[in-house]
Amino acid sequence: MPDKKTGELRGNRNLKTLERISQTKQEEEIQRGLELGLEAADSINDRSISLFSRGHLPAFAGINTFMKTPYCEDIREVGNYEAAFVGAPFDGGTTYRPGTRFGPQGVRRISAVYDGYCVDGAVDLFEELDLCDAGDIFVIPGSIEKTFDQVSKAVSHIYTSGVFPIIVGGDHSLGYPNVRGVAPHIDGNVGIIHFDRHLDTQDIDMDERMHTTPWYWTTNDHESVEHNKAHQAHSHMHDVGLSNCPPKNLVQIGIGGWYGNRPGSEVARDRGTSVITMKDFEELGTAGTAAMALDLAWKGCDAVYLSFDIDSIDPGYAPGTGTPEPGGFTPREALEMVRIIAKEGLCAMEVVEVSPPYDVNDSTSQLACRVILDTLGTMVTEGKLGHRDKVMRPE
Ligand SMILES: [Mn+2]
């Protein structure tokens with residue numbers, strides 16, 4: 001929108017904002033590339049190019065971490081960063097198509113195309129955010145329960161190191177151990193904004209906790225749990241419901257379609273999770289839906305967690321996923337809602353259900369990457385993450 005007083009276009013305003021952000025990281029990367037990658041051949045006129053690729057360029061070259069950020073191999077050092085990408089390559093909770101164990105690598109691969117500089121967001125992630133790739137959590141392929149314990153402990157380590165966790169799955173069973181890694185460290189209630197075509201609130205699926213069950217185990221309703229036979233039959237599933245995750249603050253956006261919602265409906269109804277169907281979305285619009293989600297999720301809460309199932313985006317755009325369901329969001333709708341929600345700040349985020357073996361042209365992985373970048377970029381410009389104040393000179 002043009003500025004009301006000056007008539008200046010937003011894009012032009014953004015270019016001026018970006019001009020005020022330092023550009024030291026790129027120079028540092030070039031110097032590092034020349035030092036580690038040696039000087040280029042004599043015929044190369046641009047002497048900032050090194051012999052061996054050690055930075056962002058070429059985008060198709062190199063050893064990929066997420067966004068080619070530093071690999072935090074010694075995980076005790078993760079506290080040196082402000083945000084950390086961490087893979088949870090587990091698809092043992094899948095009930096239809098598998099393959100999400102390759103999700104983190106798919107997202108890393110396509111992320112190499114991005115350089116962190118965004119004109120419509122007026123943000124330069126490399127300058128304004130210390131981001132690393134924490135690598136993957138050691139999941140246990142045959143055991144969902146042991147994987148849950150590994151994931152909660154790993155996420156907890158990142159979060160308690162003062163770092164914003166960006167958890168990339170893996171299937172949606174991870175929602176439960178992910179939140180369990182964060183919520184116990186938060187003084188106050190935690191709301192969850194959940195993009196999905198599916199409720200994911202049933203207790204067990206085919207006799208186990210699966211990717212259809214994360215929110216049953218995350219949100220609390222101790223009364224109904226006492227009466228639940230399935231729970232009593234599974235003594236290892238002891239810690240039902242995190243004490244500070246009320247079901248009403250679980251906002252489920254994009255629910256609908258014809259697959260898998262029958263068992264979860266009863267739980268969603270009994271506990272009173274906040275369900276926004278695709279039909280509701282059509283009536284509310286993107287801004288209205290995002291505003292309603294923020295209202296419901298933040299009510300009585302001190303933090304909000306973002307859970308983004310990539311199947312909430314229409315499979316025409318995001319075919320590489322475990323349980324595709326036509327009639328989902330367009331990428332533009334989903335990303336706009338994500339940006340509005342991220343403005344208020346988040347305690348952590350997850351992007352799940354990216355299954356590269358079913359993907360076409362890396363489109364699904366790329367959308368997952370965009371959900372992450374748009375979230376981070378918004379939080380940075382809103383001063384909820386990163387260090388804009390240190391790298392931007394005043395007007
Ligand atoms: Mn889903």
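Trainee: At what angle do helix H3 and helix H13 pack?
Mentor: Helix H3 (residues 103-111) and helix H13 (residues 363-381) pack at an angle of about 80°, and their axes are 8 Å apart. Axes here are lines fitted to C-alpha atoms, for helices over the stretch in contact, with angles from 0 to 180 degrees between N-to-C directions. H3 is therefore roughly perpendicular to H13, a label for angles of 65 to 115 degrees.
Mentor: Before we go on, this is a predicted model: local features need pLDDT of at least 70, side-chain atom pairs count only at pLDDT 80 or more, and totals for chains, interfaces and linings use all residues. Residues are numbered from 1 along each chain as its sequence is written.

Trainee: Which residues of H3 and H13 make the contact?
Mentor: From H3 they are Gly-106, Val-107, Arg-109, Ile-110 and Ser-111, and from H13 Ser-365, Gln-366, Ala-368 and Cys-369. Contact means C-beta atoms, placed from the backbone, within 7 Å. Helices (H or I, at least four residues) and strands (E, at least two) are DSSP runs, numbered from the N terminus.

Trainee: Okay, and which residues touch the most other members of the largest nonpolar core?
Mentor: Ala-83, Ala-84, Val-86, Ile-166, Tyr-305 and Ala-368, out of 95 residues in that core. H13 gives the most to this core, with 9 residues. Such a core is a set of buried Ala, Val, Leu, Ile, Met, Phe, Trp, Tyr and Cys residues joined through C-beta atoms within 7 Å.

Trainee: What does Ala-84 touch?
Mentor: Leaving out residues up to four places away in sequence, the partners of Ala-84 include Cys-72, Val-78, Cys-132, Ile-158 and Ile-166.

Trainee: Switching topic, how many residues of H6 are buried?
Mentor: 8 of its 8. Buried means 20 or more other C-beta atoms within 10 Å of the residue's own, exposed means 12 or fewer, and partly exposed is in between, with C-beta atoms placed from the backbone.

Trainee: What do those buried residues pack against?
Mentor: They pack against H5, helix H7 (214-218) and several strands, among them E5 (164-169) and E9 (301-309). The axes of H5 (residues 144-160) and H6 (residues 175-182) come within 7 Å and cross at roughly 35°.

Trainee: Last one: why does Asp-120 count as exposed?
Mentor: Because Asp-120 has 10 C-beta neighbours inside 10 Å. Asp-120 lies in the loop between strand E2 (117-118) and strand E3 (123-124). Apart from neighbours within four places in sequence, Asp-120 is in contact with Gly-11 and Asn-14.

Technical notes:
Two residues are in contact if their C-beta atoms, placed from the backbone, lie within 7 Å. Angles under 35 degrees count as roughly parallel, over 145 as roughly antiparallel, 65 to 115 as roughly perpendicular and the rest as oblique.
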